[in-house]
Amino acid sequence: MIFKFSSPPKSEVVVFDGHSVKDLKFILEKKSYLVVENRKERIKIIYLGIGFLINCLKNFFLNFFNNNNLHTIYLFTLITTINPKLVITSTDNSFKFSDLAKLLKKKIKFVAIQNANRFDFILNDYLLKKKIISKDLNKIFYYIPNLYCFGQREIDEAKKYNLQIDNFFKVGSIRVANFFRILEMNKIRLNKQKYDICLISEPQPGLNAKLCSRDLEESFILPVKFAIKYVKNHNLKLIFAQKRYYNTRANYDEINFFKKYLEKNEFEFLLKNSTKKKEVYSSYFPLFQSKIAIGVGSTLLLDKLGCKEKMLSVNSSIENLFDFPMNGICKLKSKNFNEFNSRVTDILNMSIDEYLNKIEKPIDYVMVFDKKESTIDKIRNQIFQNIN
């Protein structure tokens with residue numbers, strides 16, 4: 001930790017949460033910006049200039065009755081001192097970003113870019129109805145002035161759960177756009193037939209206890225068991241795309257989640273046919289080099305479908321919390337392996353046009369994808385219109 005007895009420098013652009021930098025690197029290319037860290041473990045610099053501390057104290061008393069804690073007041077003072085025209089983040093579900101946007105929306109443009117499939121609002125509503133929590137987190141904490149989202153689904157969800165979002169811009173996935181930009185820059189060509197099935201890792205340790213459920217954790221294991229059995233029966237090639245960064249505590253917990261529920265031979269087969277996630281786009285290589293992706297509710301399923309490629313969401317839970325948002329051939333609600341076997345075989349054997357015609361809504365309802373104009377360029381052109 002470094003203590004600086006000064007105020008932060010000025011900047012026209014602030015990136016909120018350093019985790020966002022990787023997602024925003026092409027959007028911010030050749031732009032000057034400062035990063036304001038929110039997560040305590042990432043904060044490396046604390047500003048202690050006399051003027052800055054006086055402003056912190058003043059802001060504390062001015063906001064004393066608004067239920068803003070010291071952390072919020074410090075970030076509020078930091079951003080007002082930097083005096084940006086734009087605050088941007090890809091941590092679109094950050095309550096702290098929402099707190100600051102509420103306080104500063106009249107002075108500064110706040111932009112959030114969706115980076116993942118959001119089940120947060122459904123879960124918050126579920127927890128409230130089950131009386132597991134006493135406050136409506138969606139109503140109290142969530143606010144975004146400008147959201148660059150995947151598609152129309154986010155707009156419908158916002159209305160359904162009374163989310164406070166002023167403006168929507170349907171642009172698709174920034175991570176998919178970044179991945180294809182990296183391929184282009186490095187002249188990498190994908191082998192679309194490299195794997196038959198990309199099985200997506202969705203570890204959920206402790207989910208049953210958290211949501212007072214009987215079968216949610218098990219529902220994330222069933223498609224794993226089914227996919228392993230399927231590829232063995234049909235002599236096909238499977239790749240398991242791990243979620244967490246290799247050799248981290250989170251990765252250790254991920255592996256143990258599957259070890260807990262799988263038979264020894266299943267677990268060994270899974271590890272033998274796994275990727276090791278070493279950077280943010282590691283999962284996209286197996287995803288886009290497989291004939292079909294299989295999972296429960298991962299964002300990667302939306303990414304695959306958005307690019308008009310085949311995927312299957314398998315969800316056997318009695319709860320509807322992680323249901324895939326599109327009905328049709330892409331979604332299976334079943335605990336029966338024979339039904340799984342039949343569905344995967346059908347999908348593999350049909351053309352992509354036949355597959356897409358068996359889905360209830362146009363694909364861009366859940367994920368916009370434009371080959372002519374990248375998501376990167378769409379966002380960049382809009383947010384920097386009035387910023388030099």
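On a 1 Å grid over the protein atoms alone, a pocket is an open set of points where a 1.4 Å probe fits, with protein on both sides within 12 Å along at least five of seven lines, and its lining residues have an atom within 4 Å of a point. This is a predicted model, in which local features need pLDDT of at least 70 and side-chain atom pairs count only at pLDDT 80 or more, while totals for chains, interfaces and linings use all residues. Residues are numbered from 1 along each chain as its sequence is written, and side-chain values use heavy atoms, without hydrogens and water.

Begin with the second largest pocket, which holds about 610 Å³ of space, a volume being the space filled by probe spheres set on the points. Select Phe180, Cys307, Phe369, Asp370 and Lys371, which are the closest to its centre of the 25 lining residues. Next, colour helix H8 (174-185) and helix H17 (375-383), each a DSSP run of H or I with at least four residues; each supplies at least two residues of this lining, and H8 gives the most, with 6 residues.

Now move to strand S2 (residues 13-16), where Val13 and Val15 point one way and Val14 and Phe16 the other, all of them buried, that is, under 20% relative accessible area with a 1.4 Å probe and protein chains only. Strands are DSSP runs of E with at least two residues, and two of them pair if DSSP finds at least two bridges between them.

Select strand S5 (residues 86-89), joined to S2 in parallel by 3 bridges, and find Ile88 opposite Val15. Finally, show strand S3 (residues 34-36), which also runs parallel to S2 with 3 bridges, and where Val36 is the bridge partner of Phe16.

Notes
Buried means under 20% relative accessible area, exposed over 50%, partly exposed in between (1.4 Å probe, protein chains only).
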